[in-house]
Amino acid sequence: MKKRVFVLILIILSILIFLISLSYGSKRYSILEILKFLINPKNGDELLLKIRLPRVLSSFLVGASLSIAGLLSQTLFLNPLADPFLFGISSGANFFVTLSLFLGLDMMFKFSLSFFSFLGALFTTFIILLISRIKGKITPLNLLLAGVALNYLLSSISSFLSIWGRDVLNKSVFWSLTGFSTINFEKINLLLIIFIPCLIFSILINIQLDAFSLGEDEAHSLGVNTKLLKTFTLFLIALLTGISVYVSGIIGFIGLMVPNILRTIFGLKHIELIPLSLLLGGLLLMVSDLIGRMILFPTEIPVSIITSFLGAPFFLYLLFKKRIY
Amino acid sequence: MDYLVVNKIFFSYNKKEFIKNINLVINKGESISIFGPNGSGKTTLLKIILSILKPQKGEIFLEGKNVFKFKERERAKKFSYVPQKVSSFFPMSTFDFLILGRVPYINGFIRKEDREIVLNWMEKMGVMHLKDQNFQFLSEGEKQLITLIRTFIQESEIIVLDEPLTHLDLKYKSKILELLKEIKKMGKTIISIFHDLESIKYISDRVVLLKNGEILKDGEVNDILTKDNLTQLFEENISQILG
């Protein structure tokens, strides 16, 4: 019963925040106007159709992607503190994008930045996985510290490249700070093309992920092809993080917070955790984006600042109160 | 045809040889223990039998078929594993832990019949009261008991145990040993590592003494666990332990 109520509240809140996010901004709309627009978007306002709707939709989808990437990372690394941001996977995506801008590869083909973003995420996830296998065992805390170190290293190289090539600085600062405000339906379509298959495949491997939560040897003895599962999960994390960084720049802590909240309520089952991460992650990022637009209106605060503001205390709570390590 | 054949196994890691030319034939329904000092290669050998580790040389055959060529699910229907310490990295209910024993039989989603199998075993073993409890917070004894029950749910023929009594108090030690006795009566094959001689004598038909990755002795428990053999195994006079 408790679980059902939680899901119901999540759905109602998501719809509510979706409507409020659409209505709030430089031009305000009533909820009735928003509902009319949603029934027949073609007759709606240009501002709603071309700016607000893509923004709200993409914030929901990026939140969902990062949360599922966080959930998969925690299972893959057997570490509740794993998160695409903390483990440097987002920075890896950002680094490859900056590198492609620096080398002038950004216009090589359509969506080449998203491709480099994916490659960067894949590269970093793979490095972290290699580190996690050092001598077969590394403590979760050491793995986290290795991720944080990698995060700093890649961020500093990205900054160095941006300063070295001035043109790169303009492009990368614009790309990483504008977040959801420059989104369009072309980007949303790309986001959906990546997100939907990742979601379906994550659900299809739900029971294998459950078994993997007991450790690699146990998963193996329960009939899981652990090598294949790890490779597959690595690709899913890289795709979800890569596309999120491409769409909105680096956004921290969503991937850490959402799965941990859900695991304490729902336990192990990925068949429940994956769709719930979608809902709660989407909702949290929509709320964060809305707060970012409201708090110093008309000035917008980048959503990453809001998520860090919410996420950092949560991280400390996990570390000390729950005494994870 | 021999049931389980371990044929000329060699395993080394970082240039150190852990297993050297191990040959074993294990019969169906037999209970065999591997005994030896720390670092003698006992766990490595178990992990090779479970095909968690792949040896550099040698094969393992189950009913004539190379186990390294089994599909993962097919292998899990034959072998189940009870490690020394069961750890869950995330919160999960005992029921959710147990249903993982059905992984080899599930295509994507848990079925109603899988749930019923788990509930039936929980009922039969008297652990229904643990159903919704967080597995992470169970006592070590309860965890081992539940892990052993999972092997029934997994319906495997061979149960591989790696020091399952190490962290347990007397109550759970005797509970687990009784349950293992029942498993033996069911005709399942048991391959185990125990640290104490009493457990081996209680459960096993046969014992293999392992020293520096090689078989020192192999035979019936009473013939093998002699003062001379154990002194040779540990390179210490251990007559006080034998009493």
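This is a predicted model: local features need pLDDT of at least 70, side-chain atom pairs count only at pLDDT 80 or more; totals for chains, interfaces and linings use all residues.
I'll start inside chain A. I254(A), V258(A), P259(A), I261(A), L262(A), R263(A) and F266(A) of helix 12 meet a set of residues in helix 13 of chain A, namely E272(A), L273(A), L276(A), S277(A), L280(A), G281(A), L284(A) and L285(A).

On geometry, the axes of helix 12 and helix 13 (residues 270-294) of chain A come within 9 Å and cross at roughly 130°. The two helices of chain A are therefore oblique to each other, and the crossing is right-handed.

Next, the contact between the chains. Chain A puts in 23 residues and chain B 25 residues. On the chain A side, helix 9 (206-212), helix 10 (216-221) and helix 12 (254-266) each supply at least two residues. Helix 10 of chain A gives the most, with four residues. The side of chain A that touches chain B has ten nonpolar, eight polar and five charged residues.

Now the sheet in chain B. Six strands form an open sheet, in the order 6-7-8-3-9-10, with mixed pairing. Strand 6 (79-82) and strand 10 (214-220) of chain B each have a single partner strand, so one side of each lacks a neighbour in the sheet. Neighbouring strands are turned by 15° against each other on average, direction ignored.

At one end, strand 9 (residues 206-211) and strand 10 of chain B run antiparallel, joined by six bridges. There, V207(B) stands opposite G219(B). Helix 5 (residues 140-154) of chain B packs on the sheet, touching strand 6 and strand 7 of chain B.

Methods:
Residues are numbered from 1 along each chain as its sequence is written. Chains are lettered from A and ligands numbered from 1 in the order in which they are written. Two residues are in contact if their C-beta atoms, placed from the backbone, lie within 7 Å. Ala, Val, Leu, Ile, Met, Phe, Trp, Tyr, Cys and Pro count as nonpolar, Asp, Glu, Lys and Arg as charged, and the others, Gly among them, as polar. Axes are lines fitted to C-alpha atoms, for helices over the stretch in contact, and angles run from 0 to 180 degrees between N-to-C directions. Angles under 35 degrees count as roughly parallel, over 145 as roughly antiparallel, 65 to 115 as roughly perpendicular and the rest as oblique. A crossing is left-handed if the near helix is turned anticlockwise from the far one by less than a right angle, and right-handed if clockwise. Two strands pair if DSSP finds at least two bridges between them.
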